[in-house]
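These are my notebook entries on a structure that I looked up for a reader new to it. I record each topic in turn.

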Amino acid sequence: MDEIANKGLEVKRSRKIRDSDIERISVTGYDIELPREHVESELKKLFSSCGEITDVHIPETRNSSLWSHAFIYFVGEGTADKALQLNGSDMGGWAVDAEADPFPKEEDK
């Protein structure tokens, strides 16, 4: 799963951001039948209050439908913790389930 999730870091950045500055959460609970743009927009709107979002990545299944896990990447320490406080928030009729999805530490690899 990390291989898919890490694709979300392939972001064009306007300033130098160290990998250690990036925090990640995974989000489920959205309707996978909705258009990608709608889901991405709603997730950005909800989680933008937590800090700078560098990317919202929603992988696709083999049949090109949305995968049930989205990955949201933030810049800055503590941004993921702020985002986790929004767990269970209503987004247009669906409740998001936000979970921490930290990157493995160098010594854990």
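**Entry 1: the helix and the sheet**

I began with helix H2, which lies across S1, S2, S3 and S6 and runs at about 155° to S2. I note at the outset that this is a predicted model.

I then looked up the sheet itself. It is an open sheet of four strands in the order S2-S3-S1-S6, with antiparallel pairing. S2 and S6 stand at the edges with a single partner strand each, so one side of each has no neighbour in the sheet. The twist from one strand to the next averages 25°.

I followed one pairing further. S1 and S6 run antiparallel and are joined by four bridges. Within this pairing, Ile25 has Ala100 in S6 as its bridge partner.

**Entry 2: salt bridges**

How many salt bridges does the structure hold? I recorded four.

One of them joins the side chains of Arg24 and Asp101, at 3.3 Å from N to O. Arg24 lies in strand S1 (residues 22–28) and Asp101 in the segment after strand S6 (97–100), so this pair ties together parts that are 77 residues apart in sequence. I found both Arg24 and Asp101 to be buried. I also noted that the charged end of Arg24 sits over the ring of Phe103, 4.1 Å from the ring centre.

I turned next to Arg36. Its side chain meets that of Glu40 in a salt bridge, with 3.8 Å from N to O. Both residues lie in helix H2 (residues 36–47), four residues apart, which is about one turn of the helix. Arg36 also forms a salt bridge with Glu60, where the closest N and O atoms are 2.9 Å apart. This second pair links distant parts of the chain, since Arg36 is in helix H2 and Glu60 is in the loop between strand S2 (52–57) and strand S3 (70–75), 24 residues apart.

Glu40 counts as buried at 18%, because the limit for buried is under 20%. Glu60 is partly exposed, with a relative accessibility of 45%.

**Entry 3: a residue in the loop between S2 and S3**

I stayed with the loop between S2 and S3, where Ser64 also lies. Most residues other than glycine have a negative phi. Ser64 is not a glycine, yet its phi is positive, at about 70°. I recorded Ser64 as exposed, with a relative accessibility of 51%.

**Entry 4: aromatic pairs**

I searched the whole structure for aromatic pairs and found three. I describe two of them here.

Which kind of pair do Tyr30 and Trp94 form? Their ring centres are 6.0 Å apart and their planes stand at 70°, so the pair is edge-to-face. Tyr30 lies in the loop between S1 and H2 and Trp94 in strand S5 (residues 94–95), so the pair ties together parts that are 64 residues apart in sequence. Tyr30 and Trp94 are both buried.

For Trp67 and Phe71, I noted ring centres 6.1 Å apart and planes at 35°, so this pair is tilted. Trp67 is partly exposed, with a relative accessible area of 22%, whereas Phe71 is buried at 0%.

Methods
Residues are numbered from 1 along each chain as its sequence is written. This is a predicted model: local features need pLDDT of at least 70, side-chain atom pairs count only at pLDDT 80 or more; totals for chains, interfaces and linings use all residues. Side-chain values use heavy atoms; hydrogens and water are left out. Helices (H or I, at least four residues) and strands (E, at least two) are DSSP runs, numbered from the N terminus. Buried means under 20% relative accessible area, exposed over 50%, partly exposed in between (1.4 Å probe, protein chains only). Two strands pair if DSSP finds at least two bridges between them. Axes are lines fitted to C-alpha atoms, for helices over the stretch in contact, and angles run from 0 to 180 degrees between N-to-C directions. Contact means heavy atoms within 4.5 Å. Rings of Phe, Tyr and Trp (its six-membered ring) pair if their centres lie within 6.5 Å; planes under 30 degrees apart count as stacked, over 60 as edge-to-face and the rest as tilted. A charge sits over a ring if NZ of Lys or CZ of Arg is within 6 Å of the ring centre and within 35 degrees of the ring normal.
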